[in-house]
Amino acid sequence: MLNEVFLDALKNRDAKVSKVKDSNFATILAEASSRWVRYEPSPEKCESAGVDSSWNKRAFQGLYLYAIDAVAVTSANKVLAAEWDQDIAGSARTEFLESKAMAMEASVAQKAAGRVDIVCVDGSLVSRLLKSAADAASEMVKKYGSSTIFVSKSSESRLQFGPMGSRAGDIYYYGHAGSGAGFSIPAEITQFRHAPLFEVYARLRDHTPIIRIEVLGSEPSKQEMTKILDMLRYHSIAGYPYCLKLAHNTCKISNEDIDRLASIFSLQHEQGARDALNE
């Protein structure tokens, strides 16, 4: 079956690629270039903390074993705060696990704030709270506070170029508009109604991938953005904050980890939902 998929992709390659690079592509690239502020970050010695969470689950016959955790860890690999939970339940919906992981992230970020110079949370605040109730979202925003920023490696946001008919996320166009270090002019995310929130695309070093940064509070000035980038550049690897890489590696719950938990709960011999597929 996969052979047919690959052959079809080769046959229709040009037509599919043209969906993104259509006649408007050059216009959007020019606009992205006009919004780009060239700046080579100067590494500023600081202590940063990365925040990330993870969850995993295993389905048995009408039972679910799940585990969730979140961690705040510095670039020196010092764990500032950690929270976790695991249980056997009759239900473990993905929405429930994601919601609980987000709450843990906000809690460990709050505990890390004030102990380091900058707290970086993996991902987007908008995507976290888009489906949350207003009260719950406001409470989470308070926990994060204005000293926390949110850093994404990829994004589907079309806030800036969507009105121009873009067919890819804004990050795609900033990534193709140039290869130099710098940042985009801050743009307010008006769809986020729980607090003022601004998005900035940035490149910490020449020829490294673009990252998307969300900043809570008032619109960051040029001086404030350069200070953020200077701190992110310190301890960054290949243009990405090292504290976030450590946070990801520290909290990740793998299938092997779930195997160990299943053994602890004597579930290792129970029939799993995907055993018939040898998965």
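**Close-up views of a predicted chain**

View 1. Phe-6 lies in helix α1, which spans residues 2-11 (helices, H or I with at least four residues, and strands, E with at least two, are DSSP runs numbered from the N terminus). The model is predicted, so local features need pLDDT of at least 70 and side-chain atom pairs count only at pLDDT 80 or more, while totals for chains, interfaces and linings use all residues. Residues are numbered from 1 along each chain as its sequence is written, and side-chain values use heavy atoms, with hydrogens and water left out. Together with Met-1, Leu-2 and Val-5, Phe-6 forms a nonpolar patch on the surface, and the four residues have about 480 Å² of accessible area (Shrake-Rupley method, 1.4 Å probe; for residues, only the protein chains shown count as cover). Residues of such a patch have over 30% relative accessible area and no salt bridge, and nonpolar side chains (Val, Leu, Ile, Met, Phe, Trp, Tyr) are joined within 5 Å, like charges within 9 Å. A salt bridge is a side-chain nitrogen of Lys or Arg within 4 Å of a carboxyl oxygen of Asp or Glu.

View 2. Val-37 belongs to strand β1, residues 36-38. Beyond neighbours within four places in sequence, Val-37 is in contact (heavy atoms within 4.5 Å) with Ala-181, Gly-182, Phe-183, Ile-185 and Lys-222.

**View 3. Ser-53 in strand β2.** Strand β2 covers residues 48-59 and includes Ser-53. The side chains of Ser-53 and Glu-105 make a polar contact at 2.6 Å (a pair of N or O atoms within 3.5 Å; within protein, one must be able to donate a hydrogen and the other to accept it, and residues adjacent in sequence count only if both atoms are side-chain atoms). Apart from residues up to four places away in sequence, Ser-53 touches Asp-69, Ala-70, Ala-101, Glu-105 and Cys-251.

**View 4. The buried face of helix α9.** In helix α9, residues 242-251, the buried residues are Cys-243, Leu-244, Leu-246, Ala-247 and Cys-251. Because these residues fall within an arc of 160 degrees when seen down the axis of α9, they line one face of the helix; the arc is that of the directions from the helix axis to the C-beta atoms. Their cover includes β2, β3 (64-74), β5 (118-122), β6 (148-152) and β12 (240-241). Buried means under 20% relative accessible area, exposed over 50%, and partly exposed in between (1.4 Å probe, protein chains only). Of the 279 residues in the chain, 45% are buried.
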